[in-house]
Amino acid sequence: MAMPDPSVGSGAASLSREQRVIDATAALCAVAAAVQAATALGVQVNVAVVDTAGVLAAFVRMPGAPLHSVDIAIDKAYTATSFGLPTSQWHAVLQQHSPAVREGLVLRPRFVAFGGGLPIVEGGMRIGAIGVSGGSEAQDEAIAVAGLQALGLAPSGA
């Protein structure tokens with residue numbers, strides 16, 4: 001068995017990096033704004049905000065929102081933060097890949113390839129994502145955008 005090199009990590013270069021994540025106040029603000037937008041549209045949805053590791057930071061299930069949509073909202077946010085790509089863009093992105101990638105990626109647990117998940121990007125850095133499920137894809141996406149706008153942010157494509 002090879003022994004670790006004791007000189008690794010002792011130089012000037014760091015072996016770690018700082019990673020910013022959405023804070024609780026911002027996550028709650030985004031969820032509240034999304035619920036307000038859903039109410040204005042007359043739909044009941046589930047809204048999830050995750051940090052950059054995909055860990056749930058805030059969640060709301062509106063009364064009457066579909067039960068299956070609980071996990072879908074969380075997974076939309078997870079997918080959006082994982083790749084830094086709105087979930088609505090996956091259909092087009094997958095067309096650029098081989099059949100193996102197109103067929104295999106959509107079978108991955110927690111991967112969602114339809115609208116309603118948006119990365120949350122602040123100052124060019126991804127800090128989390130928001131996922132909405134329970135309405136149509138267009139409604140879910142619009143509700144997620146309202147969550148971003150409450151934070152003073154706009155949707156980001158990458």
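Threonine 52 sits in the loop that links strand 1 and strand 2. Keep in mind that this is a predicted model. From that loop we'll move to the sheet, then the helices, and finish with some aromatic rings.

- Is threonine 52 buried or exposed? Its relative accessible area is 15%, and because the cut-off for buried is under 20%, threonine 52 counts as buried.
- Leaving aside residues up to four places away in sequence, threonine 52 touches Gln19, Arg20, Val21, Thr81, Arg126, Ile127 and Gly128.
- With one of these, glutamine 19, there is a side-chain to side-chain polar contact of 3.2 Å.

- Strand 1 (residues 46–50) and strand 4 (residues 125–133) run antiparallel and are joined by 5 bridges.
- Look for asparagine 46: its bridge partner in strand 4 is serine 133.

**Helices against the sheet**

**Aromatic rings**
- The whole structure has 3 aromatic pairs.
- In one of them, the ring centres of phenylalanine 83 and tryptophan 90 are 4.9 Å apart and the planes are at 75°, so this pair is edge-to-face.
- Tryptophan 90 also pairs with phenylalanine 111: the centres are 5.0 Å apart and the planes again at 75°, so this one is edge-to-face too.
- Tryptophan 90 belongs to helix 3 (residues 90–94), while phenylalanine 111 is in the loop between helix 4 and strand 3, so their pairing ties together parts 21 residues apart in sequence.
- Put together, Phe83, Trp90 and Phe111 make one aromatic cluster.
- Tryptophan 90 is buried at 5% relative accessibility, and phenylalanine 111 is buried at 12%, whereas phenylalanine 83 is partly exposed at 43%.

**Arginine 110**
- Arginine 110 is in the loop between helix 4 (99–105) and strand 3, and is partly exposed, with a relative accessible area of 32%.
- Its phi is near 75°, a positive value in a residue that isn't glycine.
- The charged end of arginine 110 sits over the ring of tyrosine 78, 3.7 Å from the ring's centre.

Note on methods: Residues numbered from 1 in each chain as written. Predicted model: local features only at pLDDT ≥ 70, side-chain atom pairs only at ≥ 80, totals over all residues. Heavy atoms only, no water. Pairing = 2+ DSSP bridges. Helix = DSSP H or I, 4+ residues; strand = E, 2+ residues; numbered from the N terminus. Buried < 20%, exposed > 50% of the residue type's maximum accessible area, 1.4 Å probe, protein only. Polar contact = N/O pair within 3.5 Å; in protein donor to acceptor, adjacent residues only side chain to side chain. Contact = heavy atoms within 4.5 Å. Phe/Tyr/Trp six-rings, centres within 6.5 Å; stacked < 30°, edge-to-face > 60°. Lys NZ or Arg CZ within 6 Å of the ring centre and 35° of its normal.
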